[in-house]
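Look over the sequence and the model below before reading on.

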Amino acid sequence: MTKTKKPEFRPDDFVVYPAHGVGKIMSIEEQEIAGLRLELFVISFEKDKMTLRVPTHKATEIGMRSLSAPDVVAKALDTLKGKARVKRAMWSRRAQEYEQKINSGDLMSIAEVVRDLHRSDDQREQSYSERQLYEAALERLTREVAAVSGVDEAGAQKQVDEVLLSRAA
């Protein structure tokens, strides 16, 4: 079995953690846990006022990744222009799929959720759970767009909104 090289995440790097979105590696520390010395990434999610400690050897396994390349971000924003694809499944089933896409940490999947759940002002009301999923996906997308393009979240929000509005036109 070839030992896969662990990705070189460094302090001050922005990373995407599947269940929480964009975070920043504050430091790498060693801790003794149950008699084992473990090397841990200390990741801060400023927005959520949360800090996670992730064993460095587990990072890739749990799907932690570097920020998407700018061309992936461009593709994701492009996805938003597409026509919403809504399966004729029961809402609970679709909601589950949307949630999985959001928590996959995959930017393209997240963009698909935003695309599929986006409503322009003249469209029917969203249910509370639709709104929750939409906002979760939108926030993940926006934070990554912000981190990759080096703009603040408001600037990224504007970029995303413009794409969504151009679609509605």
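A residue is called buried when its relative accessible area is under 20%, exposed when it is over 50%, and partly exposed in between, using a 1.4 Å probe and protein chains only. By this definition Asp48 is partly exposed, because its relative accessible area is 36%.

This is a predicted model, in which local features need pLDDT of at least 70 and side-chain atom pairs count only at pLDDT 80 or more, while totals for chains, interfaces and linings use all residues. Residues are numbered from 1 along each chain as its sequence is written, and side-chain values use heavy atoms, with hydrogens and water left out.

Side chains of opposite charge can pair when their charged atoms come close. A salt bridge here is a side-chain nitrogen of Lys or Arg within 4 Å of a carboxyl oxygen of Asp or Glu. The count by this rule is 15 salt bridges. Asp48 takes part in one of them, with Arg143, where the closest N and O atoms are 3.5 Å apart. This pair links distant parts of the chain, 95 residues apart: Arg143 is in helix H4 (residues 128–149) and Asp48 is in the loop between strand S3 (36–45) and strand S4 (50–55). Helices (H or I, at least four residues) and strands (E, at least two) are DSSP runs, numbered from the N terminus. Arg143 counts as buried because its relative accessibility is 9%.

Another salt bridge joins Glu97 and Lys87, at 2.8 Å from N to O. Here Glu97 belongs to helix H2 (residues 91–103), and Lys87 lies in the loop between helix H1 (70–79) and H2, ten residues away. Glu97 is partly exposed at 29% relative accessible area, whereas Lys87 is exposed at 52%. Salt bridges with shared partners also connect Glu30, Glu32 and Arg37 into one network. Within it, the closest N and O atoms of Glu30 and Arg37 are 3.0 Å apart, and both of these residues are exposed.

Ser109 is in helix H3 (residues 107–117). Is Ser109 buried or exposed? Ser109 is buried, because its relative accessible area is 15%. Apart from neighbours within four places in sequence, Ser109 is in contact (heavy atoms within 4.5 Å) with Lys101 and Ser104.
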